[in-house]
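Biologist: I've got a model open on my screen and I'd like to learn how to read it. Could you walk me through some features?

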Amino acid sequence: MLTRTFESTETWADHLARLWVEQLQAQPDIRICLAAGNTPVPVCEAMVRACRAGEASFGKATIFALDEYGELAPDDAGRCANMIRRCLLNHVDLPAENFYELATEAENIDQVCADYDGAIGEGFDLAILGIGLNGHLGMNEPGTSAESTTHRVELHPASIQSAAGYMDGREPPRWGITVGIKHLLEAKEVWLLATGEAKAKIVAQMVQGQHTTDIPASLLNNHSECTLFMDKEASAML
Ligand code: PGA
């Protein structure tokens, strides 16, 4: 895993957006797996500016939401897909049918997972991921198999606590569906994003530790095209 550290979150986001623009220019029909959550927001905002300036287009791209919470109605603001809509999709030209999201409200969750795996097909060109405070990738919690495909997850207590931050005071969900680690390890390129001092400890454990399912993000240490992009705060313990 390569590591890159930036002086500020602003320069970090601008750099990532520049790389993303270059990827869209080089491969307009790129297939991207995109994390929700707080970390990618400044990058998405910079991408919206780039699209408005005519530097990039999502017109032929496809985006897969990395994960989704259960127990929330499809229009709930806390849904991961809706976070991605608010920060990116509502403002760029990605055709609605080119956005894949996980229907956690469906009755047959096994079918939802199988359909998502089918849609992922040959895999992602690029996965843009965050890291959880417990080292999770998407909702792949500590202990998840490196061979996992899209699956239902009972959330770890630390992840339920993080989810509470997106719920505006409401009860956080206790389960979700996530793209599995297998698909993330098979992505042609992975950008792992980390900002803020709260992430410094888990980032150091991931980079300096073993490749272990105890810290799912550490499995990316074996990926030949993975870069960890950090701001100064997130890299403070390296
Ligand atoms: P965050 O979430 O970007 O909101 O910190 C990351 C995660 O928990 O995977």
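This is a predicted model: local features need pLDDT of at least 70, side-chain atom pairs count only at pLDDT 80 or more; totals for chains, interfaces and linings use all residues.

Biologist: Which charged residue sits over the ring of Trp 175?

Modeller: That's Arg 152, whose charged end is 4.0 Å from the centre of the Trp 175 ring.

Biologist: Now rings with rings. How do I describe a pair of them?

Modeller: You describe a pair of aromatic rings by the distance of the centres and the angle of the planes. In this structure, a search of the whole model turns up seven aromatic pairs. Take Phe 64 and Phe 124: their ring centres are 5.3 Å apart and the planes meet at 65°, so this pair is edge-to-face. For that label, the planes have to be over 60 degrees apart.

Biologist: Where in the chain do Phe 64 and Phe 124 lie?

Modeller: Phe 64 is in strand 3 (residues 62-65), while Phe 124 is in the loop between helix 4 (109-120) and strand 6 (126-130).

Biologist: Which residues join Phe 64 and Phe 124 in a cluster of ring pairs?

Modeller: Tyr 100 and Tyr 116 do; ring pairs link them with Phe 64 and Phe 124.

Biologist: Can I try reading another pair, Trp 191 and Phe 229?

Modeller: Go ahead. Their rings are 6.1 Å centre to centre with 75° between the planes, an edge-to-face pair. Trp 191 is in strand 9 (residues 189-194) and Phe 229 in strand 10 (residues 226-231), so the pair ties together parts 38 residues apart in sequence. Both Trp 191 and Phe 229 are buried.

Biologist: Let's move to helices. Which residues of helix 5 are buried?

Modeller: Helix 5 covers residues 157-164, and its buried residues are Ser 159, Ile 160 and Ala 163. Look down the helix axis and you'll see them fall within an arc of 105°, so they line one face. The face turned away from that buried side carries the exposed residues Pro 157 and Gln 161.

Biologist: What do the buried residues of helix 5 pack against?

Modeller: They pack against strand 4 (67-69). If you zoom in on Ser 159, it's buried at a relative accessible area of 4%. Leaving aside neighbours within four places in sequence, Ser 159 is in contact with Asn 134, His 136 and Glu 141.

Biologist: What surrounds the ligand?

Modeller: His 136 turns up again here: the residues around the ligand are Gly 37, Asn 38, Thr 39, Ile 131, Gly 132, His 136, Tyr 166 and Lys 199. For polar contacts, check the distances between N or O atoms. An N or O atom in the side chain of Thr 39 is 2.5 Å from an oxygen atom of the ligand. For Lys 199, a polar side-chain atom is 2.7 Å from a ligand oxygen. Asn 38 uses a backbone N or O atom instead, 2.9 Å from an oxygen atom of the ligand.

Biologist: What about backbone angles?

Modeller: Most residues other than glycine have a negative phi. Here Glu 71 has a positive phi of about 70° although it isn't a glycine. You'll find Glu 71 in the loop between strand 4 and helix 3 (80-87). Asp 168 is another case, with phi near 60°. Asp 168 lies in the loop between helix 5 and strand 8 (175-178), and counts as exposed at 75% relative accessibility.

Biologist: Last one: is Asn 140, also in a loop, buried or exposed?

Modeller: Asn 140 is buried, with a relative accessible area of 0%. The loop in question runs between strand 6 and strand 7 (151-154). A polar atom of the Asn 140 side chain lies 2.8 Å from the backbone oxygen of Val 179. Beyond its neighbours within four places in sequence, Asn 140 has contacts including His 151, Leu 184 and Pro 216.

Conventions: Residues are numbered from 1 along each chain as its sequence is written. Side-chain values use heavy atoms; hydrogens and water are left out. Buried means under 20% relative accessible area, exposed over 50%, partly exposed in between (1.4 Å probe, protein chains only). Helices (H or I, at least four residues) and strands (E, at least two) are DSSP runs, numbered from the N terminus. The arc is that of the directions from the helix axis to the C-beta atoms. Contact means heavy atoms within 4.5 Å. Rings of Phe, Tyr and Trp (its six-membered ring) pair if their centres lie within 6.5 Å; planes under 30 degrees apart count as stacked, over 60 as edge-to-face and the rest as tilted. A charge sits over a ring if NZ of Lys or CZ of Arg is within 6 Å of the ring centre and within 35 degrees of the ring normal. A residue is near a molecule or strand if one of its heavy atoms lies within 4 Å of it. A polar contact is a pair of N or O atoms within 3.5 Å; within protein, one must be able to donate a hydrogen and the other to accept it, and residues adjacent in sequence count only if both atoms are side-chain atoms.
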